[in-house]
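Subject: Structure for your review

Dear colleague,

Please find below the sequence and structure that I am handing over to you. My findings follow after it.

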Amino acid sequence: EFSELAEHKDFEQRLWQRAQCLVKQYDLSSILARAARRSGYIKIFVLLTAALLGMVGVSYAVSDSDTINIYWLLLVLLGFNFLSMLLWLTTISLNVKGLTSGLFARLSGWLSRYLESKNHDADRTGAEADRAWLACHFSGAVGKWQLSKITHQFWLAYLSAGLVFLVLLLMVRQYDFIWGTTLLSDDIFIGLTEVLSMPLNAVGFATPSPEQVEGTRIGASQAGLLHGDALLSLSAEQRSHWAQFLLGALLCFGILPRVFLLALSSLMSARSRRVFTLDFYQPYYISLRQRLMPLASHGQVVDADTAPSPASKKVASSPPVTPVPHPLPAGTRWVAVELGRDLGWPLSSISAADDLGQVTDRESLSRTLQQLQTLDRPLLAV
């Protein structure tokens, strides 16, 4: 019962109290906790899948040989990650609505409908709560940054698992590092290595020199290398430089940017939750406002019937009497509501102290309602 709410509380306060009452009435706390728990399970599954894909990608790029194709491995681990970051930055910069109403939103809607079809009628409330929980967390500005957080966490799991798996392989096995190309020139890869090595050298990683880069090309002939597939071992210093270059590139160009974007998305998600407001102009809230805040004090007669009826003339000609079939309690107050103009008020049997007046317009209605708020005696309305 929401009629007991204070009269002068605004709509948002009444809406909040109504929500609290509904939570207690339908035990929505446990139901919404179930939706959050299911979402957590799905998120854990997605992150584990990302970690498994990272390890599979490293295993595929390294294969079973004793050589590591450097740029192929970097492409597997960093190439798709870089494209994903570009796509995310584009959608965020252009404020693309498909980020919150696209594939993930359709999948979440399908999931809620699937759970609803599997539930019995007694559990339809749970299905509606699941749908409301998904809509609350994955729509609008809140959903945009929530999806951004999940995206960055996915790629962090992918890159971190790949990095850890690669470190384990380098710890227990000895690899030689190679690279090759069919269409591009050697200068492109030498220049790319120099560009990638600049921030790595700044933070203390040892990187290969241009001569080492040129010497590790597949088919290069120099001391320590043969043509074709037969490849002699590199020196320990060359392996160390290439290993540090590979691990440093994964850290500086893969993991650290994702950590920064995840922190940014977390801050923006917290801000969007803090400034979130409901759209009270939606039809649902408009009808709810009419129920929670009825405009009873603003009522008035729109089309009054001014023609006197025969019954009113007959009553007017008779002497004013008060038919009381049963004795009234002592101190009963009287009020008249919309009596005809030809009916006299108050009646002769009503004392002036017990008369609350006659309601004929907005001002008299407001005055009578104020008197009724402090009335502690029986009321008889005519």
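This is a predicted model: local features need pLDDT of at least 70, side-chain atom pairs count only at pLDDT 80 or more; totals for chains, interfaces and linings use all residues.

Helix H10 covers residues 236–274, a run of 39 residues. From its first C-alpha to its last it reaches 55 Å, which is close to the 57 Å expected at 1.5 Å a residue. H10 is also bent, by about 30°, at Leu-251.

The crossing of H2 past H3 is right-handed. On the H2 side the contact involves Gly-54, Gly-57, Val-58, Tyr-60 and Ala-61, and these meet Trp-72, Leu-73, Val-76 and Leu-77 of H3. Sorted by class, this contact has 7 nonpolar and 2 polar residues, with no charged ones.

The second pair is helix H1 (residues 11–26) with helix H11 (residues 283–292); their axes come within 11 Å and cross at roughly 90°. H1 and H11 are therefore roughly perpendicular to each other. H1 contributes Phe-11, Arg-14, Leu-15 and Arg-18 to the contact, while H11 contributes Tyr-284, Tyr-285, Leu-288, Arg-289, Arg-291 and Leu-292. Here the classes are 6 nonpolar and 4 charged residues, with no polar ones.

With kind regards

Note on methods
Residues are numbered from 1 along each chain as its sequence is written. Side-chain values use heavy atoms; hydrogens and water are left out. Helices (H or I, at least four residues) and strands (E, at least two) are DSSP runs, numbered from the N terminus. The expected span of a helix is 1.5 Å times one less than its number of residues. The bend at a residue is the angle between axes fitted to the seven residues ending there and the seven starting there. A crossing is left-handed if the near helix is turned anticlockwise from the far one by less than a right angle, and right-handed if clockwise. Contact means heavy atoms within 4.5 Å. Ala, Val, Leu, Ile, Met, Phe, Trp, Tyr, Cys and Pro count as nonpolar, Asp, Glu, Lys and Arg as charged, and the others, Gly among them, as polar. Axes are lines fitted to C-alpha atoms, for helices over the stretch in contact, and angles run from 0 to 180 degrees between N-to-C directions. Angles under 35 degrees count as roughly parallel, over 145 as roughly antiparallel, 65 to 115 as roughly perpendicular and the rest as oblique.
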